[in-house]
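Reader: Hi! I'm new to this one, could you walk me through it?
Author: Happy to, let's look at it together.

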Amino acid sequence: MNILSMILTPLFTFVVGSLCTYIVGLRQNKKKTEERLQKIENAEKAILHQTILKKCNLILMIGNVTPEEIDELEYLYQPYQAIGGNHRAGVAYEKVLELPRIKNRNEEE
């Protein structure tokens, strides 16, 4: 029994120590991954914000909007809003929706 105890005690200590080190490493990786994902989301939000405002400002300068342009803006605006985009892009988007509609840019009515 003494020999078995001499073998199992260090083995158990090694296994438990290795497992604890592995779990701590997983937690650190999870935190780094979450931080990286937050940075990526912020970058996506910034790109969507800029794109929405550019498109809206151009359409507002023209003074009318096509169904395709509305679809494109909605395609950008929905995910932007879902990730917590600010109200400034929303205001521009709403102003575009209030513009007169035309069928297409080539045949302005």
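What follows is a short chat about the helices and a few of the residues.

Reader: What am I looking at, and how are residues numbered?
Author: This is a predicted model, where local features need pLDDT of at least 70, side-chain atom pairs count only at pLDDT 80 or more, and totals for chains, interfaces and linings use all residues. Residues are numbered from 1 along each chain as its sequence is written, and side-chain values use heavy atoms, with hydrogens and water left out.

Reader: Thanks! How many helices and strands does the protein have?
Author: There are three helices and zero strands. Both are DSSP runs numbered from the N terminus: helices are H or I with at least four residues, strands E with at least two. Along the sequence the pattern reads α-α-α.

Reader: And what share of the residues is buried?
Author: Buried residues make up 20% of the 109. Buried means under 20% relative accessible area, exposed over 50% and partly exposed in between, with a 1.4 Å probe and protein chains only.

Reader: Okay, at what angle do H2 and H3 pack?
Author: H2 (residues 67–82) and H3 (residues 87–97) pack at about 155°, and their axes are 11 Å apart. Axes are lines fitted to C-alpha atoms, for helices over the stretch in contact, and angles run from 0 to 180 degrees between N-to-C directions. That makes H2 roughly antiparallel to H3; under 35 degrees counts as roughly parallel, over 145 as roughly antiparallel, 65 to 115 as roughly perpendicular and the rest as oblique.

Reader: Which residues make that contact?
Author: From H2 they are Ile 70, Leu 73, Glu 74, Tyr 77, Gln 78 and Tyr 80, and from H3 Ala 89, Gly 90, Tyr 93, Val 96 and Leu 97. Contact means heavy atoms within 4.5 Å.

Reader: Which residues of H2 are buried?
Author: Those are Glu 69, Ile 70, Leu 73, Leu 76, Tyr 77 and Tyr 80. After H2 comes Gly 84, which has a positive phi, near 90°.

Reader: Switching topic: where is Thr 66?
Author: Thr 66 sits in the loop between H1 (2–62) and H2. At 4% relative accessibility, Thr 66 counts as buried. Leaving aside residues up to four places away in sequence, Thr 66 touches Ile 102, Lys 103, Asn 104 and Arg 105.

Reader: One more: is His 49 buried or exposed?
Author: His 49 is buried, since its relative accessible area is 16%. This residue lies in H1. With residues up to four places away in sequence not counted, His 49 touches Tyr 80, Asn 86, Arg 88 and Ala 89.
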